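Hi,

Here is the structure for you to look through. Please open it first, then read my notes below.

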Amino acid sequence: MAATLAFTTAKRLESMSTITSSPQFDLQPYKSLENEELTARIRAVRDQLGPELLILGHHYQQDEVIAEADLRGDSYLLSQNAADSTDCRTIVFCGVHFMAETADILGNRPEKLAERNGQRVNVILPDLAAGCSMADMAAIDQIEDAWEQLGEVLDTDDVTPITYINSAASLKAFVGRHGGMVCTSSNARAALEWAFKRTGRVMFFPDQHLGRNTALGMDISEAQMPVWNPFDDDLGGNTAAALQASKVILWQGHCSVHQMFKAQHVAMFREQHPGIKILVHPECPREVFELADESGSTGKIIKTVEAAPPGSKWAIGTELHLVNRLKQQHPEQEIHFLSPVVCMCATMYRIDLAHLCWVLENLAAGALVNVIEVDEETARWSLVALERMLEVK
Ligand code: SF4
């Protein structure tokens, strides 16, 4: 497991530009400090740097970390906040690497740089090993290879590539260059509708479940959605005929957290808690998504619970930290985690107070560590795809 993580991290780092200056302070001693001391030291740096520093926290972060964030939200909302900020010069992104890349692209887009007389906003990821297992399932060389193979059996001018925001900047740039767009879990349907006005087919990556669940709701059948296996050199494990008959070509990727929710968990909660409602993220597999009463992005899940009357009963299928936080914030409701198995996002969990304090104290001492900077060409094309996403609500 450790070897696999080290390998994926090394691969990811190859594909993104990072600048790590020599830290003034070593990380190791921070790991033995108590949370109370770490929190006090984090707050001291925040006071010292004031509005020049912006700490962003994704909903799936640990409670201790999210408590130190200036803003919390899902990946896109946080990046948008980062992009709109005027005073900040450094963003510390408590999330995973693709989110830091997106913040760098939006925060340093040409008009923002012009407003700041060319001064960049530095985006820091407290632990470079905080990746996303889903994003790691689609590497740019695999996508380019698939596109080339598709070109041998169909007209790729009639295919719009769409990448979920949970993907590396290189994939966002790929879709930008090929007339496609980035989507989120909130606008995936609008993105597909946008694409079908332009071409007869879509290639959707890296999350097969979001692609499938969305397309099924648009009367596209499972038979029209072949799945591309990047490890099968022969048309991703498909026949030419299946690809030619397709409407949406799905990439064989998934979220390791959301794929843990099963149909039997839904059945168990319905049996043991009559009247309970099942609320899931669309990254869940089809059978769970279809059995659920409601579904939506993290933002929608939060709003749905906030709007529910006291006494409502929920079994929620998304990351554990968020569900536990909802449980604490809404004692007037009965909230369960939709799985008997603990499934949290292990890579999000890598960001802890020790890493946060370490990058902040280095920053205060003038040492920038773990800066994520997307190269200019990749950022330019990624921005094209991100701007298309902004236009399609
Ligand atoms: S919850 Fe899933 S999609 Fe989100 S960051 Fe973790 S692995 Fe990636």
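Predicted model: local features only at pLDDT ≥ 70, side-chain atom pairs only at ≥ 80, totals over all residues.

Tyr-164 belongs to strand E6, which spans residues 159–164. E6 and E7 run parallel and pair over three bridges. They are part of an open sheet of five strands. The order is E7-E6-E8-E10-E9, and the pairing is parallel. Which strands form the edges? They are E7 (181–183) and E9 (227–228), and each pairs on one side only.

Two helices pack on this sheet. Helix H8 covers residues 169–177 and touches E6, E7 and strand E8 (201–205). The direction of H8 makes about 155 degrees with that of E6. Helix H9, residues 188–196, also touches E6, E7 and E8. The direction of H9 makes about 155 degrees with that of E7.

**The core**

The largest nonpolar core has 114 residues. Which members touch the most others? Ile-91, Val-92, Phe-93, Ile-316 and Leu-356 do. Helix H16 (residues 353–364) gives this core its largest share, seven residues.

Now look at Ile-316. Leaving out residues up to four places away in sequence, Ile-316 touches Leu-279, Ile-301, Val-323, Leu-326, Ile-335, Phe-337 and Leu-338.

**The ligand**

How many residues surround the ligand? There are 13, and the closest are Cys-132, Met-134, Cys-255, Val-257 and Cys-345. By type, the shell divides into eight nonpolar residues, four polar and one charged.

Best wishes

Note on methods. Residues numbered from 1 in each chain as written. Near = placed C-beta within 6 Å. Nonpolar A, V, L, I, M, F, W, Y, C, P; charged D, E, K, R; others polar. Core = buried A, V, L, I, M, F, W, Y, C linked by C-beta atoms within 7 Å. Buried ≥ 20, exposed ≤ 12 C-beta atoms within 10 Å, placed from the backbone. Helix = DSSP H or I, 4+ residues; strand = E, 2+ residues; numbered from the N terminus. Contact = placed C-beta atoms within 7 Å. Pairing = 2+ DSSP bridges. Axes fitted to C-alpha atoms, helices over the stretch in contact; angles between N-to-C directions.
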